[in-house]
Amino acid sequence: MYTIVKDGVAICGASEIDGKPTEEMKREAERTGGKIVEAKINKPFINPRIQMHGQYSTIVRADRVDYNYSVVEIPTEAVRQNIVAESKQEAEKRILAIAPIWKQINAIADPDLEITAKVKAVRDASNALEDEIQAMDRDGLAVLAVEVWSGWPEVSKTIQ
C-alpha cells in the first residue's frame with residue numbers, strides 16, 4: 001500500500017497493482033508535487049460484537065505513512081440489544097424452517113398440534129435465551145454464539 005505525501009501531509013493512498021504504485025498514482029504524485037511512500041494501516045484486532053475501530057491518527061515519516069486506529073468499546077447495553085435482535089432473527093429463521101407463514105396461519109385456523117408445538121418450542125427457547133442475555137456480563141456477551149446456542153430445540157423435520 002502506498003500514499004502520496006506532500007509537505008509532510010498524506011494526501012491520498014492505497015493505489016497499487018502487484019505491490020507497486022499504479023501509473024495513475026505516479027501521475028498524481030507528479031501533478032501535486034508530492035512523493036509516493038509506503039503506507040501501513042495498523043488496525044488492532046477487535047471483537048466486532050463489543051468493539052469497533054475508532055478514529056485514526058496519521059504519522060508521516062520520510063519513507064512511510066502509518067495509519068493507527070483506536071479501538072472504541074460499544075456500550076454494554078447496546079451490545080445486549082444487538083444480541084437480542086440477533087437471537088430474534090435466529091428464532092425466526094428456525095420457525096420458518098419448521099413451516100412457512102401460510103402453514104403457520106393454517107395451523108392456527110385448523111389446529112395442527114405438531115406445527116404449533118415445534119413453533120412454541122422455538123419461541124420458548126428464544127425467550128429463555130433473551131433472559132440469559134439480559135443476565136450476562138460483558139465477557140459472556142462477547143463470546144455468545146447465538147446460532148449454535150445449546151438451548152435451541154432439535155427440530156427433526158420441516159413441514160411443508
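This is a predicted model: local features need pLDDT of at least 70, side-chain atom pairs count only at pLDDT 80 or more; totals for chains, interfaces and linings use all residues.
Local features need pLDDT of at least 70 and side-chain atom pairs count only at pLDDT 80 or more, whereas totals for chains, interfaces and linings use all residues. Residues are numbered from 1 along each chain as its sequence is written, and side-chain values use heavy atoms, with hydrogens and water left out.

Visitor: Does Lys-6 count as buried, partly exposed or exposed, and what is its relative accessibility?

Guide: Buried means under 20% relative accessible area, exposed over 50% and partly exposed in between, with a 1.4 Å probe and protein chains only. Because its relative accessibility lies between those limits, Lys-6 counts as partly exposed, at 35%.

Visitor: Which residue's backbone oxygen does the side chain of Gln-104 reach?

Guide: Gln-104 is found in helix α3, residues 101–109, helices being DSSP runs of H or I with at least four residues, numbered from the N terminus. At 13% relative accessibility Gln-104 counts as buried, and its contacts (heavy atoms within 4.5 Å), not counting residues up to four places away in sequence, include Val-119 and Arg-123. At 2.8 Å, its side chain reaches the backbone oxygen of Ala-99.

Visitor: How many residues does the largest nonpolar core have?

Guide: A nonpolar core is a set of buried Ala, Val, Leu, Ile, Met, Phe, Trp, Tyr and Cys residues joined through side-chain atoms within 4.5 Å. Ile-83, Leu-129, Ile-133, Leu-144 and Trp-152 have the most contacts inside the largest one, whose residues number 23.

Technical notes
Helices (H or I, at least four residues) and strands (E, at least two) are DSSP runs, numbered from the N terminus. A polar contact is a pair of N or O atoms within 3.5 Å; within protein, one must be able to donate a hydrogen and the other to accept it, and residues adjacent in sequence count only if both atoms are side-chain atoms.
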